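Visitor: I would like a close look at the ligand site and its surroundings. Please keep it brisk.

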Amino acid sequence: MRVLHISAECYPAAKAGGLGDVVGALPKYQNQSGIAAGVVIPKYDLPWIRNRPTEVVYSGAFRMANGVYYPFAVEQTGMDNLGFPLFFVNIPGQFDRQGIYGDASGWFGDNEERFVFFQQAVLQWVLQFAEKPDLLHCHDHHSGLIPFMVKYCPDYHLLKDIPTVFTIHNGEYQGALHWDKYPILPAFYPEASGLLEWNGNINSLACAIKCAWAVTTVSQSYMEELAYTSNGLESLIRDEWPKCRGILNGIDAQVWDPQQDSYLPVRLATDVDAFKQENKNALFSRFQFQEQDPVFTFIGRLVREKGADLLPGLIRQVLDSGLAVNFLILGTGEADLHDALRELNWVYRGRCDAVLEYNEALAHTLYAGSDFLLMPSLVEPCGLNQMYALRYGTIPIVRTVGGLKDTVIDLGAFPEEGRGFRFDHFTVDDAHHAIWRAYSLYQDSSQMKSVRKRIMAEDFSWEKAANNYFHLYQELV
Ligand code: GLC
């Protein structure tokens with residue numbers, strides 16, 4: 001079976017979040033299990049891509065509804081250690097910028113348009129394949145118009161029978177485009193225009209849910225949540241429910257391996273406690289905290305969706321209550337949160353410290369050297385960080401939502417199988433209580449050790465998830 005994944009991100013070439021991790025891992029495991037899976041993303045001007053030799057495998061142009069042709073090329077990079085073929089669509093003037101969705105000066109204003117071009121270029125290229133893919137797997141709204149384009153655009157008519165799978169990694173972004181932008185789309189049958197529309201706009205996410213042969217999201221709980229809360233798409237999700245399903249992500253156990261991880265100052269040999277302690281020591285070079293007390297870490301985008309706006313109030317309340325704990329934060333995001341965290345660094349020096357940047361290497365050390373990982377997400381389709389944390393012996397503290405609900409069993413309710421601490425309400429008080437429970441566990445070092453040992457042995461590898469996708473593909477092909 002030949003599958004082409006179409007995405008905005010793919011680790012290690014271009015990653016802004018979990019989407020990149022998944023698209024950089026799933027195809028690797030698919031190739032290992034006999035599916036010929038390739039990935040295509042836009043060619044950004046990012047370091048990994050810039051330094052890579054590539055070979056042009058196609059050059060041509062796609063035609064927009066206004067009759068204008070737009071030139072582009074597709075380049076392939078050597079397989080390296082990726083484990084799958086990776087292609088870049090090079091569209092001059094669109095993606096040759098130093099960021100995926102934005103750069104140092106902010107979010108790009110033309111993201112929706114750029115990804116429409118990307119999708120057309122991909123299909124124009126696929127048209128020329130001697131052997132067509134058996135299935136197109138689209139990820140998030142950046143490739144959400146493809147299921148529509150293959151069915152209803154005469155230019156891509158030859159692809160109309162290829163099954164399409166659409167995976168929602170993050171339903172918060174819908175890729176809505178004003179109707180007066182329609183001339184940049186490929187020409188489509190006018191009677192199909194209703195499929196493009198949702199709430200008065202061209203809406204890529206809604207269009208994908210309507211047109212894809214199957215819709216998946218990255219956990220069962222998130223799938224159910226979308227039917228009740230998805231920023232206006234609820235009724236659509238319910239209408240399309242029979243073709244929707246949740247498939248939990250895995251983690252790349254080769255990248256996230258405490259015994260092999262080259263980012264870590266100290267790798268795991270046999271002694272888990274030594275591994276944790278030595279990596280905790282290594283964190284001292286970067287952060288200020290009290291070594292004898294537990295470290296609670298937040299890693300990720302500093303945005304409301306991830307619960308980052310709960311952090312300042314939570315940290316104040318916990319530290320003001322006198323609980324002897326430390327907070328470390330790594331990430332970038334909203335400017336007001338950067339300000340609030342800088343202030344906390346100052347007020348609670350030695351107890352709370354934040355590095356406000358994206359830093360993959362430091363993230364790995366934090367997973368290894370922390371005691372607890374905080375994920376107070378408002379929305380969490382799957383969440384990978386809790387799984388990375390578990391593998392590195394760091395106990396997650398999560399809000400009971402989406403994939404967090406599906407992966408973190410509460411230690412209080414199930415002491416024998418528990419993996420972390422959960423809280424239900426998106427409030428400082430609820431999160432504070434969970435931290436207090438975690439602190440109590442930390443005081444009991446033999447319990448703490450046995451929980452650590454147990455969670456590190458859990459299997460979240462991709463094999464299982466890849467198998468679920470395989471069954472879905474088989475149903476469609
Ligand atoms: C998005 C979601 C996250 C999920 C990831 C990979 O980043 O926010 O929860 O784990 O996609 O599917």
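Guide: The chain splits into domain 1 (2–250 + 462–476) and domain 2 (272–456); these bounds come from an automatic or database domain assignment. This is a predicted model: local features need pLDDT of at least 70, side-chain atom pairs count only at pLDDT 80 or more, and totals for chains, interfaces and linings use all residues. Residues are numbered from 1 along each chain as its sequence is written, and side-chain values use heavy atoms, with hydrogens and water left out.

Start with the two domains. Their centres, taken over C-alpha atoms, are separated by 33 Å. In contact across the boundary are 19 residues of domain 1 and 16 residues of domain 2; contact means heavy atoms within 4.5 Å.

Now the ligand. Both domains give residues to its shell, so the ligand lies between them. Around it are Gly18, Leu19, Val22, His169, Val218, Asn249, Lys306, Glu380, Pro381, Cys382, Gly383 and Leu384.

A side-chain N or O atom of Glu380 is 2.4 Å from a ligand oxygen. Backbone N or O atoms also take part: one of Cys382 at 3.0 Å from a ligand oxygen, and one of Pro381 at 3.4 Å. Taken alone, the ligand exposes 310 Å², and the protein buries 94% of that. Accessible areas come from the Shrake-Rupley method with a 1.4 Å probe; for residues, only the protein chains shown count as cover.

Now helix α12 (residues 360–369). Helices (H or I, at least four residues) and strands (E, at least two) are DSSP runs, numbered from the N terminus. Nine of its 10 residues are buried, so α12 is largely enclosed by the rest of the structure. Buried means under 20% relative accessible area, exposed over 50%, partly exposed in between (1.4 Å probe, protein chains only). The buried residues of α12 pack against α9 (272–283), β15 (295–299), β16 (326–330), β17 (352–355), β18 (372–375) and α13 (385–391). Asn359 caps the N-terminal end of α12, with a side-chain oxygen 3.2 Å from the backbone nitrogen of Ala361.

Methods
A residue is near a molecule or strand if one of its heavy atoms lies within 4 Å of it. A polar contact is a pair of N or O atoms within 3.5 Å; within protein, one must be able to donate a hydrogen and the other to accept it, and residues adjacent in sequence count only if both atoms are side-chain atoms.
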